[in-house]
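Subject: Structure for you, plus what turned up in it

Hi,

Here is the structure I promised to pass on. Have a look at it first, then read my notes below.

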Amino acid sequence: MKLDHITSRDNPALVRLRKLTADAGGYRKTGSVWIEGDHLLRAALLRGWVPALVVLTEGAMQDHALAALAESAPRALVVPTALFKGLSGLESPAQIGAELTLPVAPAIDANAASVVLDRLQDAGNVGAILRSAAAFGVRQVLALKGTAALWSPKVLRAGQGAHFGLRLVEGLAADDLAALAVPLVATSSHTEHVLHRVALPQPCAWVMGHEGQGVSPALMARCALTVGIPQPGGEESLNVAAAAAICLYESERQRG
(Lines give C-alpha, C1' and ligand atoms only; values in the text may rest on other atoms or scores of the structure.)
Protein backbone atom coordinates (compact mmCIF):
# COMPACT_ATOMS: atom_id res chain seq x y z
CA MET A 1 0.00 0.00 0.00
CA LYS A 2 1.24 3.47 -0.89
CA LEU A 3 0.61 5.93 1.95
CA ASP A 4 0.63 9.68 1.27
CA HIS A 5 0.20 12.44 3.84
CA ILE A 6 -1.70 15.32 2.23
CA THR A 7 -2.03 18.80 3.70
CA SER A 8 -3.15 20.84 0.66
CA ARG A 9 -6.79 21.04 -0.43
CA ASP A 10 -5.47 21.52 -3.97
CA ASN A 11 -4.12 17.99 -4.11
CA PRO A 12 -5.43 16.56 -7.43
CA ALA A 13 -6.95 13.45 -5.81
CA LEU A 14 -8.86 15.54 -3.27
CA VAL A 15 -10.04 17.99 -5.94
CA ARG A 16 -11.35 15.06 -7.99
CA LEU A 17 -13.12 13.49 -5.02
CA ARG A 18 -14.75 16.78 -4.01
CA LYS A 19 -16.23 17.07 -7.49
CA LEU A 20 -17.44 13.49 -7.25
CA THR A 21 -19.12 13.98 -3.87
CA ALA A 22 -20.73 17.26 -4.92
CA ASP A 23 -22.70 15.60 -7.75
CA ALA A 24 -25.23 12.91 -6.78
CA GLY A 25 -24.98 11.40 -10.25
CA GLY A 26 -21.29 12.08 -10.73
CA TYR A 27 -20.45 8.38 -10.66
CA ARG A 28 -22.15 8.00 -14.04
CA LYS A 29 -19.45 10.20 -15.59
CA THR A 30 -16.43 8.90 -13.66
CA GLY A 31 -17.28 5.23 -13.18
CA SER A 32 -16.34 5.48 -9.51
CA VAL A 33 -18.19 6.24 -6.31
CA TRP A 34 -17.27 7.70 -2.92
CA ILE A 35 -18.38 5.82 0.20
CA GLU A 36 -17.98 7.32 3.64
CA GLY A 37 -17.53 5.59 6.96
CA ASP A 38 -16.06 2.33 8.16
CA HIS A 39 -19.45 0.54 8.06
CA LEU A 40 -19.86 0.96 4.30
CA LEU A 41 -16.22 0.16 3.65
CA ARG A 42 -16.43 -3.05 5.69
CA ALA A 43 -19.63 -4.02 3.88
CA ALA A 44 -17.93 -3.55 0.53
CA LEU A 45 -14.90 -5.58 1.58
CA LEU A 46 -17.11 -8.43 2.85
CA ARG A 47 -18.64 -8.65 -0.63
CA GLY A 48 -15.25 -8.77 -2.32
CA TRP A 49 -15.00 -5.16 -3.44
CA VAL A 50 -11.49 -3.68 -3.39
CA PRO A 51 -11.28 0.12 -3.02
CA ALA A 52 -9.13 2.00 -5.49
CA LEU A 53 -8.29 4.61 -2.86
CA VAL A 54 -8.86 5.14 0.86
CA VAL A 55 -8.84 8.55 2.55
CA LEU A 56 -8.61 8.78 6.33
CA THR A 57 -7.90 11.43 8.90
CA GLU A 58 -4.71 11.72 10.89
CA GLY A 59 -6.69 10.69 13.96
CA ALA A 60 -7.99 7.57 12.20
CA MET A 61 -4.42 6.46 11.59
CA GLN A 62 -4.08 6.09 15.36
CA ASP A 63 -7.03 3.70 15.42
CA HIS A 64 -5.75 0.21 14.64
CA ALA A 65 -9.06 -0.99 13.18
CA LEU A 66 -9.40 1.99 10.83
CA ALA A 67 -5.74 1.87 9.86
CA ALA A 68 -6.18 -1.80 8.98
CA LEU A 69 -9.10 -0.90 6.69
CA ALA A 70 -6.84 1.53 4.86
CA GLU A 71 -4.56 -1.36 3.98
CA SER A 72 -7.30 -2.85 1.79
CA ALA A 73 -6.52 -0.29 -0.93
CA PRO A 74 -3.41 0.05 -3.09
CA ARG A 75 -3.21 3.71 -2.07
CA ALA A 76 -4.27 5.67 1.02
CA LEU A 77 -4.28 9.39 1.71
CA VAL A 78 -3.92 10.66 5.27
CA VAL A 79 -5.41 14.13 5.66
CA PRO A 80 -6.21 16.62 8.44
CA THR A 81 -9.80 16.51 9.71
CA ALA A 82 -10.57 19.85 8.04
CA LEU A 83 -9.70 18.45 4.62
CA PHE A 84 -11.74 15.32 5.19
CA LYS A 85 -14.78 17.46 6.01
CA GLY A 86 -14.53 18.84 2.49
CA LEU A 87 -15.36 15.36 1.17
CA SER A 88 -18.15 14.65 3.60
CA GLY A 89 -21.88 15.04 3.19
CA LEU A 90 -22.45 14.33 6.88
CA GLU A 91 -23.10 16.82 9.65
CA SER A 92 -20.64 14.83 11.74
CA PRO A 93 -18.11 13.50 9.22
CA ALA A 94 -16.66 10.04 9.52
CA GLN A 95 -12.91 9.55 9.74
CA ILE A 96 -12.50 7.28 6.76
CA GLY A 97 -13.87 6.94 3.24
CA ALA A 98 -13.03 5.18 0.02
CA GLU A 99 -13.33 5.44 -3.72
CA LEU A 100 -14.70 2.34 -5.43
CA THR A 101 -14.58 1.58 -9.14
CA LEU A 102 -18.02 0.55 -10.32
CA PRO A 103 -18.41 -2.50 -12.55
CA VAL A 104 -19.82 -2.21 -16.03
CA ALA A 105 -23.60 -1.89 -15.82
CA PRO A 106 -25.01 -5.43 -15.88
CA ALA A 107 -27.74 -6.67 -18.18
CA ILE A 108 -31.12 -7.57 -16.74
CA ASP A 109 -31.24 -11.11 -15.34
CA ALA A 110 -34.50 -12.33 -16.90
CA ASN A 111 -35.27 -14.96 -14.27
CA ALA A 112 -34.23 -13.18 -11.07
CA ALA A 113 -36.58 -12.18 -8.29
CA SER A 114 -36.50 -8.40 -8.58
CA VAL A 115 -37.69 -5.03 -7.39
CA VAL A 116 -38.64 -2.41 -9.96
CA LEU A 117 -38.43 1.22 -8.90
CA ASP A 118 -40.79 3.43 -10.90
CA ARG A 119 -39.59 7.04 -10.57
CA LEU A 120 -39.00 6.97 -6.81
CA GLN A 121 -37.45 10.32 -5.98
CA ASP A 122 -36.69 10.17 -2.27
CA ALA A 123 -33.15 8.88 -1.70
CA GLY A 124 -34.05 7.58 1.75
CA ASN A 125 -36.89 5.48 0.35
CA VAL A 126 -34.71 4.11 -2.43
CA GLY A 127 -31.92 3.15 -0.03
CA ALA A 128 -34.35 1.56 2.41
CA ILE A 129 -35.87 -0.55 -0.38
CA LEU A 130 -32.42 -1.71 -1.46
CA ARG A 131 -31.75 -2.70 2.13
CA SER A 132 -35.00 -4.68 2.34
CA ALA A 133 -34.31 -6.36 -1.00
CA ALA A 134 -30.92 -7.55 0.22
CA ALA A 135 -32.36 -8.68 3.55
CA PHE A 136 -35.07 -10.81 1.94
CA GLY A 137 -32.84 -12.36 -0.69
CA VAL A 138 -33.97 -10.36 -3.72
CA ARG A 139 -30.74 -9.72 -5.62
CA GLN A 140 -31.84 -7.55 -8.54
CA VAL A 141 -33.14 -3.98 -8.45
CA LEU A 142 -34.22 -2.28 -11.67
CA ALA A 143 -34.65 1.50 -11.61
CA LEU A 144 -36.62 3.35 -14.26
CA LYS A 145 -35.60 6.79 -15.47
CA GLY A 146 -36.66 9.42 -12.94
CA THR A 147 -35.62 7.33 -9.94
CA ALA A 148 -33.04 8.80 -7.55
CA ALA A 149 -29.47 7.92 -8.55
CA LEU A 150 -28.83 4.50 -7.00
CA TRP A 151 -25.18 5.19 -6.13
CA SER A 152 -25.70 8.72 -4.82
CA PRO A 153 -24.31 9.43 -1.33
CA LYS A 154 -27.76 9.64 0.30
CA VAL A 155 -28.95 6.37 -1.22
CA LEU A 156 -25.69 4.69 -0.23
CA ARG A 157 -26.10 5.81 3.37
CA ALA A 158 -29.72 4.66 3.52
CA GLY A 159 -28.77 1.33 1.93
CA GLN A 160 -26.31 0.58 4.74
CA GLY A 161 -24.15 -1.65 2.55
CA ALA A 162 -26.94 -3.41 0.63
CA HIS A 163 -25.59 -2.10 -2.68
CA PHE A 164 -22.60 -4.40 -2.65
CA GLY A 165 -24.68 -7.57 -2.76
CA LEU A 166 -27.21 -6.44 -5.36
CA ARG A 167 -27.44 -6.44 -9.16
CA LEU A 168 -28.35 -2.81 -9.85
CA VAL A 169 -29.58 -1.64 -13.24
CA GLU A 170 -30.78 1.94 -13.66
CA GLY A 171 -31.86 4.41 -16.31
CA LEU A 172 -34.37 1.95 -17.75
CA ALA A 173 -37.50 2.62 -19.77
CA ALA A 174 -40.70 0.67 -19.10
CA ASP A 175 -40.23 -1.23 -22.36
CA ASP A 176 -36.89 -2.56 -21.10
CA LEU A 177 -38.80 -4.65 -18.57
CA ALA A 178 -39.91 -6.88 -21.44
CA ALA A 179 -36.56 -8.60 -20.86
CA LEU A 180 -37.94 -10.04 -17.62
CA ALA A 181 -39.30 -13.57 -17.74
CA VAL A 182 -40.79 -13.27 -14.23
CA PRO A 183 -44.24 -11.70 -13.72
CA LEU A 184 -44.63 -8.14 -12.44
CA VAL A 185 -46.62 -7.63 -9.24
CA ALA A 186 -47.76 -4.27 -7.85
CA THR A 187 -49.75 -3.03 -4.88
CA SER A 188 -53.07 -1.31 -5.43
CA SER A 189 -55.98 -0.12 -3.36
CA HIS A 190 -58.31 -1.11 -6.22
CA THR A 191 -57.99 -4.89 -6.19
CA GLU A 192 -59.81 -7.84 -4.70
CA HIS A 193 -56.54 -9.66 -3.94
CA VAL A 194 -55.16 -9.31 -0.43
CA LEU A 195 -51.41 -9.72 -0.07
CA HIS A 196 -51.31 -12.51 2.50
CA ARG A 197 -54.31 -14.40 1.07
CA VAL A 198 -53.14 -14.77 -2.53
CA ALA A 199 -50.53 -17.17 -3.87
CA LEU A 200 -47.70 -14.95 -5.09
CA PRO A 201 -45.77 -16.01 -8.19
CA GLN A 202 -42.30 -17.30 -7.38
CA PRO A 203 -40.12 -15.62 -8.39
CA CYS A 204 -41.65 -12.27 -9.32
CA ALA A 205 -40.72 -8.63 -9.76
CA TRP A 206 -42.30 -6.24 -7.27
CA VAL A 207 -43.09 -2.83 -8.77
CA MET A 208 -42.82 0.11 -6.39
CA GLY A 209 -44.18 3.42 -7.67
CA HIS A 210 -43.57 7.13 -7.33
CA GLU A 211 -44.21 8.46 -3.81
CA GLY A 212 -47.08 10.69 -4.91
CA GLN A 213 -48.33 9.29 -8.21
CA GLY A 214 -47.85 5.59 -7.59
CA VAL A 215 -47.09 3.14 -10.38
CA SER A 216 -47.58 4.62 -13.83
CA PRO A 217 -50.67 3.37 -15.71
CA ALA A 218 -48.49 1.99 -18.52
CA LEU A 219 -46.43 -0.04 -16.07
CA MET A 220 -49.47 -1.13 -14.08
CA ALA A 221 -50.91 -2.54 -17.31
CA ARG A 222 -47.86 -4.80 -17.56
CA CYS A 223 -48.48 -6.33 -14.13
CA ALA A 224 -49.76 -9.88 -13.96
CA LEU A 225 -51.13 -9.33 -10.46
CA THR A 226 -52.05 -6.48 -8.14
CA VAL A 227 -52.48 -6.94 -4.40
CA GLY A 228 -53.66 -4.83 -1.52
CA ILE A 229 -51.97 -4.46 1.86
CA PRO A 230 -54.48 -4.51 4.73
CA GLN A 231 -54.54 -1.25 6.67
CA PRO A 232 -57.09 -1.64 9.46
CA GLY A 233 -55.90 1.61 11.03
CA GLY A 234 -57.55 3.51 8.22
CA GLU A 235 -54.56 5.30 6.71
CA GLU A 236 -54.89 6.15 3.03
CA SER A 237 -51.55 4.66 2.06
CA LEU A 238 -48.22 3.39 3.34
CA ASN A 239 -44.78 4.85 2.76
CA VAL A 240 -43.38 3.11 -0.30
CA ALA A 241 -40.34 1.76 1.55
CA ALA A 242 -42.59 0.28 4.26
CA ALA A 243 -44.86 -1.24 1.59
CA ALA A 244 -41.86 -2.76 -0.18
CA ALA A 245 -40.59 -4.35 3.03
CA ILE A 246 -44.01 -5.89 3.72
CA CYS A 247 -44.33 -7.28 0.19
CA LEU A 248 -40.82 -8.69 0.12
CA TYR A 249 -41.34 -10.30 3.52
CA GLU A 250 -44.56 -11.94 2.33
CA SER A 251 -42.82 -13.25 -0.79
CA GLU A 252 -40.12 -14.78 1.38
CA ARG A 253 -42.66 -16.18 3.85
CA GLN A 254 -44.53 -17.95 1.08
CA ARG A 255 -41.33 -19.14 -0.56
CA GLY A 256 -40.10 -20.58 2.73
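The lining of the largest pocket splits into 9 nonpolar, 13 polar and 2 charged residues. For those classes, Ala, Val, Leu, Ile, Met, Phe, Trp, Tyr, Cys and Pro count as nonpolar, Asp, Glu, Lys and Arg as charged, and the others, Gly among them, as polar. Before going on: this is a predicted model, where local features need pLDDT of at least 70 and side-chain atom pairs count only at pLDDT 80 or more, while totals for chains, interfaces and linings use all residues. Residues are numbered from 1 along each chain as its sequence is written, and side-chain values use heavy atoms, with hydrogens and water left out.

Pockets

Both pockets and cavities are found on a 1 Å grid over the protein atoms alone: a cavity is a set of points where a 1.4 Å probe fits but cannot get out, a pocket is an open set with protein on both sides within 12 Å along at least five of seven lines, and lining residues have an atom within 4 Å of a point. Grid points are joined across faces, edges and corners, and a volume is the space filled by probe spheres set on the points.

The largest pocket has a volume of about 640 Å³. Thr187, Ser188, Gly214, Ser237 and Leu238 lie nearest its centre, out of 24 lining residues. Strand 10 (205-209) and helix 9 (240-255) each supply at least two residues of that lining, and strand 10 has the largest share, with 3 residues. (Helices, H or I with at least four residues, and strands, E with at least two, are DSSP runs numbered from the N terminus.)

The second largest pocket comes in at about 320 Å³. It has 17 lining residues, and Pro103, Ala105, Pro106, Trp151 and Leu168 are the closest to its centre. Strand 8 gives the largest share here, 4 residues. By class, this lining has 13 nonpolar, 1 polar and 3 charged residues.

Cavities

How many cavities of 30 Å³ or more are there? The count comes to 2. About 70 Å³ of space lies in the largest cavity, and its lining includes Leu20, Tyr27, Trp34 and Trp151. Strand 2 provides the largest share of that lining, 3 residues. The second largest cavity holds about 40 Å³. Among the residues lining it are Cys204, Trp206 and Leu248, and helix 9 gives the most, with 3 residues.

The core

Trp206 turns up again in the largest nonpolar core: of its 60 residues, Leu117, Trp151, Phe164, Trp206 and Met208 touch the most other members. A nonpolar core here is a set of buried Ala, Val, Leu, Ile, Met, Phe, Trp, Tyr and Cys residues joined through side-chain atoms within 4.5 Å. Buried means under 20% relative accessible area, exposed over 50%, partly exposed in between (1.4 Å probe, protein chains only). A second, separate core has 16 residues, including Val169 and Leu219.

Cys223 is in none, and the nearest cysteine sulfur, that of Cys204, is 10 Å away.

Cheers

Key: A disulfide is a pair of cysteine sulfur atoms within 2.5 Å.
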